[in-house]
Amino acid sequence: FRIEFRLPIVVSSSLAFTLRRALLPLCRGLGCPSVVGSAGYRWGSVSMASAAPAKYHGPPGQDPRELFEILQPPPVVSPGSSELQRFVERPVPAGHSKARALVHRDGDWHSSVHVWLVDPTHKLVLLQQRSSFKDTHPNLWDVSAAGHITSGGQPLETAVRETEEELGLPMHEQGGPQLQYLFTYACTVTGETQAHGAFVDNEFQYVYLVATPGLSQTLTTVSNTEVQAVRWVGTAELRQALERGDPELVPRDPAYIQRFFAMLPP
């Protein structure tokens with residue numbers, strides 16, 4: 001016979017290893033040949049049953065197995081109210097992670113980054129057209145660069161990486177574009193796509209700004225399969241389009257729109 005343990009939540013390999021090691025003396029005392037866990041490792045006579053997951057070969061940024069840290073819902077505005085606070089200082093971890101596909105299916109709270117590129121000289125904002133493969137809002141025009149914060153990731157490092165990967169901006173170079181943190185917004189969006197089905201997207205969105213004079217004259221195209229195209233639009237034009245709910249744009253809450261445009265450079 002053997003001892004088999006399975007955990008109901010996602011844990012790190014190091015924690016799984018510790019649990020297996022703790023169970024090994026018990027296993028030997030009972031005379032069973034192995035302790036079976038949840039990862040593809042061996043330690044002494046502890047054998048692991050499952051193989052490494054197959055490599056993902058689908059569209060970039062859409063791996064349904066990608067792990068997101070689950071966060072607690074934002075607090076309510078007042079005791080007894082069902083209305084949530086939308087501007088949040090510090091989201092609270094729930095203590096576990098889940099796969100991307102399950103998070104968007106179940107509506108778990110998780111986090112992402114938004115990076116808005118602005119050319120203050122010409123009063124322009126950069127928009128990107130999302131890939132047709134996206135599991136939320138495919139083909140719509142959206143924030144300049146964006147991405148989910150995976151388990152163990154940090155907002156700033158994610159914002160830098162997504163801006164470099166999606167737009168090709170050299171964020172790490174000395175004297176290069178600078179990220180300015182604006183706010184964190186708790187957003188709820190529901191929808192459905194033909195490829196992925198229904199989704200409930202509950203996100204804490206860390207919003208950043210890159211304001212670089214003359215940037216619209218140098219950044220005009222991108223070569224990234226997650227982004228179909230980019231275009232610069234007037235600041236006032238974008239605000240009006242968002243406020244009237246232009247169907248070609250990813251929707252934004254009125255509170256998000258008001259806070260964002262109030263914090264742009266004059």
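## Histidine 104 and the model

Histidine 104 sits in helix α2, which spans residues 100-106. Helices (H or I, at least four residues) and strands (E, at least two) are DSSP runs, numbered from the N terminus. The model is predicted: local features need pLDDT of at least 70, side-chain atom pairs count only at pLDDT 80 or more, and totals for chains, interfaces and linings use all residues. Residues are numbered from 1 along each chain as its sequence is written, and side-chain values use heavy atoms, with hydrogens and water left out.

The relative accessible area of histidine 104 is 5%, so the residue is buried; buried means under 20%, exposed over 50% and partly exposed in between, with a 1.4 Å probe and protein chains only. Not counting residues up to four places away in sequence, histidine 104 touches Phe68, His110, Asp135, Thr136, His148, Ala198, Phe199, Val200 and Asp201. Contact here means heavy atoms within 4.5 Å.

## Chain totals

The protein chain contains 5 helices and 13 strands. It has 266 residues, of which 44% count as buried. Of the contacts between residues at least 6 apart in sequence, 64% join residues at least 24 apart.

## The cavity

Rolling a probe the size of a water molecule over the atoms shows where empty space is left. A cavity is a set of points, on a 1 Å grid over the protein atoms alone, where a 1.4 Å probe fits but cannot get out; lining residues have an atom within 4 Å of a point. Grid points are joined across faces, edges and corners, and a volume is the space filled by probe spheres set on the points. The count is 1 cavity of 30 Å³ or more, and the volume of the largest cavity is about 50 Å³.

The lining of the largest cavity consists of Trp116, Leu127, Trp141, Asp142, Val143, Leu238, Leu242, Leu249, Val250 and Arg252. At least two of the lining residues come from β9 (141-142), and at least two from α4. By class, the lining has 8 nonpolar, no polar and 2 charged residues. Ala, Val, Leu, Ile, Met, Phe, Trp, Tyr, Cys and Pro count as nonpolar, Asp, Glu, Lys and Arg as charged, and the others, Gly among them, as polar.

Arginine 252, one of the cavity-lining residues, is located in the loop between α4 (235-243) and α5 (254-262). Arginine 252 counts as buried because its relative accessibility is 11%. Neighbours within four places in sequence aside, its contacts are His114, Asp142, Val143, Gln205, Leu242 and Ile257. The side chains of arginine 252 and aspartate 142 are joined by a polar contact of 2.5 Å. A polar contact is a pair of N or O atoms within 3.5 Å; within protein, one must be able to donate a hydrogen and the other to accept it, and residues adjacent in sequence count only if both atoms are side-chain atoms.

The loop between α4 and α5 also holds aspartate 246. A polar atom of the aspartate 246 side chain lies 2.9 Å from the backbone nitrogen of glutamate 248. From aspartate 246 to tryptophan 141, 105 residues apart in sequence, the C-alpha distance is 9.9 Å.

## Loops on either side of β8

Most residues other than glycine have a negative phi, and most peptide bonds are trans. Lysine 123, not a glycine, has a positive phi of about 55°. It lies in the loop between β7 (109-119) and β8 (124-130), and counts as partly exposed because its relative accessibility is 48%.

Histidine 137 also has a positive phi, near 55°, and lies in the loop between β8 and β9. With a relative accessible area of 15%, histidine 137 is buried. Proline 138 is in the loop between β8 and β9 and is partly exposed, at a relative accessible area of 24%. Apart from residues up to four places away in sequence, proline 138 touches Arg130, Ser131, Ser132 and Thr193. The C-alpha atoms of proline 138 and threonine 193 are 7.7 Å apart, and the two residues are 55 residues apart along the chain.

Technical notes: On a 1 Å grid over the protein atoms alone, a cavity is a set of points where a 1.4 Å probe fits but cannot get out, and a pocket is an open set with protein on both sides within 12 Å along at least five of seven lines; lining residues have an atom within 4 Å of a point.
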